[in-house]
Amino acid sequence: HLVDTGRTFIFDTALPPAVAAGVLAATGLAREGDPLRDELAGRAALAVARFRAAGLPVSTPSAAVVSVTAPGPEAAVSWAADCRARGVAVGCFRPPSTPDTRSRLRLTISAGVARMDFERALDVIVECAP
């Protein structure tokens with residue numbers, strides 16, 4: 001039905017120009033993105049090092065998602081709320097979306113955040129830890 005009634009398919013089978021431009025821009029970013037990828041990997045490593053230095057159980061990420069284990073579901077919820085109250089949003093995962101013994105905060109590391117803000121966020125997470 002969409003092919004038969006969609007104007008872009010009736011009159012033209014090419015991609016819309018905006019889609020083609022978006023793909024071209026994304027390809028350029030991917031080709032020239034090594035400095036951003038390096039920054040992202042460095043930030044993930046810094047987060048893991050800071051959390052481990054504070055004695056927090058933390059995953060070793062293969063990408064830009066870092067999980068910090070909380071003592072339990074209530075502690076995870078409280079920890080995330082304390083961070084949020086200080087301006088740092090973190091994901092809070094607890095049963096039933098995690099195994100019964102695993103509640104955690106999950107952080108998605110971004111190279112698009114100013115370095116000073118990123119380091120402040122790490123400090124807040126450590127300071128709010130249960």
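Predicted model: local features only at pLDDT ≥ 70, side-chain atom pairs only at ≥ 80, totals over all residues.
Me: Why is Asp123 called partly exposed?

Reply: Asp123 has a relative accessible area of 36%.

Me: What makes Asp123 and Arg50 a salt bridge?

Reply: The closest N and O atoms of the two residues are 3.1 Å apart. The cut-off is 4 Å between a side-chain nitrogen of Lys or Arg and a carboxyl oxygen of Asp or Glu, so this Arg and Asp pair qualifies. Asp123 sits in helix H6 and Arg50 in helix H4, 73 residues apart, and the pair links distant parts of the chain.

Me: How do you know that Glu127 and Arg86 meet in a salt bridge?

Reply: Their N to O distance is 2.6 Å, which is within the 4 Å limit, so the pair counts. Glu127 lies in helix H6 and Arg86 in the loop between helix H5 and strand E2, so the pair ties together parts that are 41 residues apart in sequence.

Me: Why are Arg115 and Glu119 said to be separated by about one helical turn?

Reply: Because they are four residues apart in helix H6. Arg115 and Glu119 also form a salt bridge, with the closest N and O atoms 3.0 Å apart. Both belong to a network of salt bridges that includes Asp123 and Arg50.

Note on methods. Residues numbered from 1 in each chain as written. Heavy atoms only, no water. Helix = DSSP H or I, 4+ residues; strand = E, 2+ residues; numbered from the N terminus. Buried < 20%, exposed > 50% of the residue type's maximum accessible area, 1.4 Å probe, protein only.
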